[in-house]
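Hello,

Here is the structure I promised to pass on to you. Please have a look at it first, and then read on for what turned up.

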Amino acid sequence: RAVDQCNLVSADTVRVVVTTSRAPFVGIGNNITAKICAPQEFCIDVVTSENPSSIVFNRPGYNPQTKKYCFTASQTTADYLKVTVTDSCGRIATDSISINVQLNSAPRVQTAMRDTTIYLCRPNNICLPVVFADSQNNIASITVNRGNYSNGQVCFVPYDSGTYTIIVRATDSCGAVKSDTALVKILTDQYVKLDCPNDTTVFMC
């Protein structure tokens, strides 16, 4: 506004509009916790503000075309994933998740059977201790080729002498198998036969 000496006034108005960009943001979802039977690929959707100047992860695997971060878990992994985005004003946003992937391992023999020799007067129940363990606690079945398995023992009844092969197999929910084998030698007096001569007469001086 301008006023001259005659008190004449002239005014003008300028409208100034200031816009500010929204702060950047980025999201990569929830923590990953998984148990897998074999190596497996995981892919994560990456959600960001429009056209960030840069997207940086702490580990390789991001595809800017698909806007997904992918990785293959080939072993048991305990790690984290962090992403940082920067906009044209230099402002930063971050997000991170934990990654806990457990790759299945086969059962293991904790207490193994031993080869043994046993003498029996008559057929009787023979039991051998055998215990399996599993890191993932996912043993689905325990089978034997002879007798039955119960409470950490495989038991069977031998009805004759000889050497018996005992095989016990533990299978987990992923199909991984561990087996234990023992040889049991049975000695017995069953079926002993006496070979006697015929009646005879002998003259002696």
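**Overall picture**

For 205 residues, a compact globule would have a radius of gyration near 17 Å, but this protein chain has 40 Å. Please keep in mind that the model is a predicted one. The C-alpha trace spans about 185 × 25 × 20 Å along the principal axes of the chain.

As for secondary structure, the protein chain has 20 strands and zero helices. Of its 205 residues, 25% are buried. Among the contacts with a separation of 6 or more, 60% are between residues 24 or more positions apart.

The chain exposes about 14500 Å², and carbon and sulfur atoms supply 48% of that area.

Let me start with Ile 32, which lies in strand E4, residues 32-36. Is Ile 32 buried or exposed? Its relative accessible area is 12%, and because buried means under 20%, Ile 32 counts as buried. Leaving out residues up to four places away in sequence, Ile 32 touches Phe 42, Ile 44, Phe 71, Ile 97, Ser 98, Ile 99, Asn 100 and Val 101.

Val 131 is found in strand E15. Val 131 is partly exposed, with a relative accessible area of 28%. Again not counting residues up to four places away in sequence, Val 131 touches Arg 108, Val 109, Gln 110, Thr 111, Tyr 149 and Gly 152. Val 131 and Val 154 are 23 residues apart along the chain, and their C-alpha atoms are separated by 9.7 Å.

**The loop between E15 and E16**

The next stop is the loop between strand E15 (131-133) and strand E16 (139-144), where Gln 136 lies. Gln 136 is buried, at a relative accessible area of 12%. What does the side chain of Gln 136 reach? It comes to 3.1 Å from the backbone nitrogen of Ser 105. Ser 105 is also one of the contacts of Gln 136 once neighbours within four places in sequence are set aside; the others are Lys 35, Gln 102, Leu 103 and Asn 104.

Asn 137 lies in this loop between E15 and E16 too. Asn 137 is exposed, with a relative accessible area of 71%; the cut-off for exposed is over 50%. Its phi is near 55 degrees, a positive value in a residue other than glycine.

**Another positive phi**

Lys 67 is worth a look as well: this residue is not a glycine, yet it has a positive phi of about 55 degrees. Where does Lys 67 lie? You will find it in the loop between strand E8 (62-63) and strand E9 (68-73). Lys 67 is partly exposed, with a relative accessible area of 48%.

That is what I have for you on this one. Happy browsing, and do write back with any questions.

Best wishes

Note on methods: Residues are numbered from 1 along each chain as its sequence is written. This is a predicted model: local features need pLDDT of at least 70, side-chain atom pairs count only at pLDDT 80 or more; totals for chains, interfaces and linings use all residues. Side-chain values use heavy atoms; hydrogens and water are left out. Helices (H or I, at least four residues) and strands (E, at least two) are DSSP runs, numbered from the N terminus. The radius of gyration is taken over C-alpha atoms; the globule rule is 2.2 Å times the number of residues to the power 0.38. Buried means under 20% relative accessible area, exposed over 50%, partly exposed in between (1.4 Å probe, protein chains only). Contact means heavy atoms within 4.5 Å. Accessible areas come from the Shrake-Rupley method with a 1.4 Å probe; for residues, only the protein chains shown count as cover. A polar contact is a pair of N or O atoms within 3.5 Å; within protein, one must be able to donate a hydrogen and the other to accept it, and residues adjacent in sequence count only if both atoms are side-chain atoms.
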